Amino acid sequence: MTQQTTVTPPEGLPDRIRHYIDGAFVDSLGGATFDVLDPVSNETYIQAASGGPDDVDRAVQAAKRAFHEGSWSTMLPRDRSRVLHRIADVVESRGEQLAAMESFDSGLPITQASGQARRAAENFRFFADLIVAQTDDAFKVPGRQANYVNRKPIGVAGLITPWNTPFMLESWKLAPAIATGNSVVLKPAEFTPLSASLWAGIFEEAGLPAGVFNLVNGYGEEGYAGDSLVKHPDVPLISFTGESTTGQLIFANAAPHLKGLSMELGGKSPAVVFADADMEAAINATIFGVFSLNGERCTAGSRILVERSVYEEFVERYAAQAKRVTVGLPDDPETEVGALVHPEHFEKVMSYVELGKSEGRLVAGGGRPEGFETGNFVAPTVFADVAPDARIFQEEIFGPVVAITPFDTEEEALALANDTKYGLAAYVWTNDLKRSHTFAQAVEAGMVWLNSNNVRDLRTPFGGVKASGLGHEGGYRSIDFYTDQQAVHINLGEVHNPVFGKA
Ligand code: NAD
């Protein structure tokens with residue numbers, strides 16, 4: 001096969017990526033920029049403004065002004081909802097262009113990038129509807145008191161996002177944060193800043209007031225945009241999605257300010273297949289679960305635990321199917337696995353592939369796919385017979401690599417499932433109704449799917465336990481995170497009022 005080493009840049013690429021502050025695109029105050037590579041050629045295709053503390057401060061001040069002096073934070077939910085629906089309309093109308101940009105910048109297959117753009121629009125529609133339907137608690141003490149909850153936006157929310165599904169993950173934070181009346185400063189991942197810059201035009205077209213949405217690009221580390229946002233005293237909330245170790249650092253850096261934190265972190269989720277399961281359905285779902293989104297998926301079922309009596313058959317069929325997964329250029333609609341986001345990440349994944357060769361039995365993949373001598377392409381890779389103390393069993397690889405391990409009993413399956421520091425998702429395949437539920441209750445995971453792929457209703461809580469996260473977002477949990485709940489107490493008459501210092 002002849003390899004094509006470049007993808008044509010999508011139409012409408014800006015000449016460079018800038019910050020967006022107070023309704024205008026701006027460069028960094030000091031003029032700093034960084035290179036952005038496309039993951040097929042690994043060449044710089046654009047420069048992006050690199051934000052520092054001054055740029056973050058400028059964005060935070062704009063967001064604060066919009067919050068305190070603008071109309072957005074006090075607008076009727078019905079009116080905010082209309083703007084949110086318009087945002088969803090614009091995202092839908094630009095879906096093709098968004099997907100093309102996202103796929104070009106991140107290496108995600110174009111069909112999957114399109115799905116992510118549709119999901120982003122859904123996120124806005126969902127919160128547009130939720131804020132209109134929202135009711136708050138009231139508590140009555142007959143004859144004495146009435147109490148109600150006064151829900152208020154908090155102020156400036158700092159949103160820090162990763163590169164794996166950039167646009168969709170940004171929408172997941174942006175939609176509830178602004179739906180509830182906050183202003184935001186978004187700091188997208190430095191590997192994939194392109195789609196984030198498109199929010200500005202979308203919000204302008206939908207009529208979001210200037211200053212409510214601000215964007216600062218750049219690195220995360222100390223002295224750069226991410227760290228400056230976390231440490232900014234006028235940002236009371238940080239919603240972060242990324243690696244667990246970064247989450248720990250952010251937790252520490254936010255502590256002196258006692259910020260509200262939502263942490264969606266890494267995972268090494270088990271997919272547990274019992275002998276009585278529908279094997280074909282389990283194979284299809286677990287193949288999709290780890291190889292879709294290039295394996296760069298927080299909830300990937302990257303450890304498959306299979307009951308020994310069907311283990312060999314499962315491994316054989318799974319490996320055969322993994323070999324048939326189509327690796328290709330991100331812009332090809334036939335592609336199922338595209339290019340990993342960045343050469344640094346490619347090297348990391350390849351180092352795990354090499355390590356896996358000494359930790360397990362390689363049954364599919366194991367390196368670059370044939371015909372792809374350059375670019376960040378990794379063949380879907382399957383290791384069988386992986387022991388629980390292997391690093392490829394314990395550590396998040398975040399690429400198209402899966403470890404398969406046998407078990408003999410339900411107790412052993414549960415122990416293996418829980419035997420990592422992570423606790424994001426779990427998938428259980430069995431036709432035993434009782435077992436599926438008892439297993440779901442005992443497994444250490446924030447989210448469990450029974451006989452199902454990762455299909456998530458937007459109303460359900462999303463979040464992990466252990467090293468996979470802190471707090472939940474999704475549905476009303478997002479509304480809770482982005483609002484204060486002030487309790488108002490009303491005296492209705494006979495309230496017991498002790499009198500001190502009576503004459
Ligand atoms: P990362 O932690 O390296 O970076 C995430 C973001 O944090 C980036 O924008 C980065 O610039 C910023 N950042 C880095 N250091 C920072 C600091 N000290 N202060 C403030 N910001 C900082 O993660 P990544 O490599 O971009 O993303 C992959 C990780 O994200 C994986 O571990 C994956 O599991 C996780 N993830 C989790 C979920 C979830 O919902 N649980 C979803 C998607 C991805």
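This is a predicted model: local features need pLDDT of at least 70, side-chain atom pairs count only at pLDDT 80 or more; totals for chains, interfaces and linings use all residues.

Colleague: Which polar backbone atom is 2.8 Å from a ligand oxygen?

Modeller: One belonging to threonine 161. Glutamate 243 also uses its backbone: an N or O atom there lies 2.9 Å from an oxygen of the ligand.

Colleague: How much of the ligand's accessible area does the protein cover?

Modeller: 93% of it. On its own, the ligand has 850 Å².

Colleague: And where does the ligand sit?

Modeller: In the largest pocket.

Colleague: How many residues surround the ligand?

Modeller: There are 31. The closest are Lys187, Glu190, Thr246, Leu265 and Glu396.

Colleague: What kinds of residues make up that shell?

Modeller: It has 16 nonpolar, 9 polar and 6 charged residues.

Colleague: Switching to the fold, which elements supply at least two shell residues each?

Modeller: Among them are α7 (225-231), β10 (237-241) and α8 (244-254).

Colleague: Which domains do shell residues come from?

Modeller: Domain 1 (19-265 + 464-487) and domain 2 (270-450) each give at least three.

Key:
Residues are numbered from 1 along each chain as its sequence is written. Side-chain values use heavy atoms; hydrogens and water are left out. A residue is near a molecule or strand if one of its heavy atoms lies within 4 Å of it. A polar contact is a pair of N or O atoms within 3.5 Å; within protein, one must be able to donate a hydrogen and the other to accept it, and residues adjacent in sequence count only if both atoms are side-chain atoms. Accessible areas come from the Shrake-Rupley method with a 1.4 Å probe; for residues, only the protein chains shown count as cover. On a 1 Å grid over the protein atoms alone, a cavity is a set of points where a 1.4 Å probe fits but cannot get out, and a pocket is an open set with protein on both sides within 12 Å along at least five of seven lines; lining residues have an atom within 4 Å of a point. A molecule sits in a cavity or pocket if more than half of its atoms lie within 2 Å of its grid points. Helices (H or I, at least four residues) and strands (E, at least two) are DSSP runs, numbered from the N terminus. Ala, Val, Leu, Ile, Met, Phe, Trp, Tyr, Cys and Pro count as nonpolar, Asp, Glu, Lys and Arg as charged, and the others, Gly among them, as polar. Domain bounds come from an automatic or database domain assignment.
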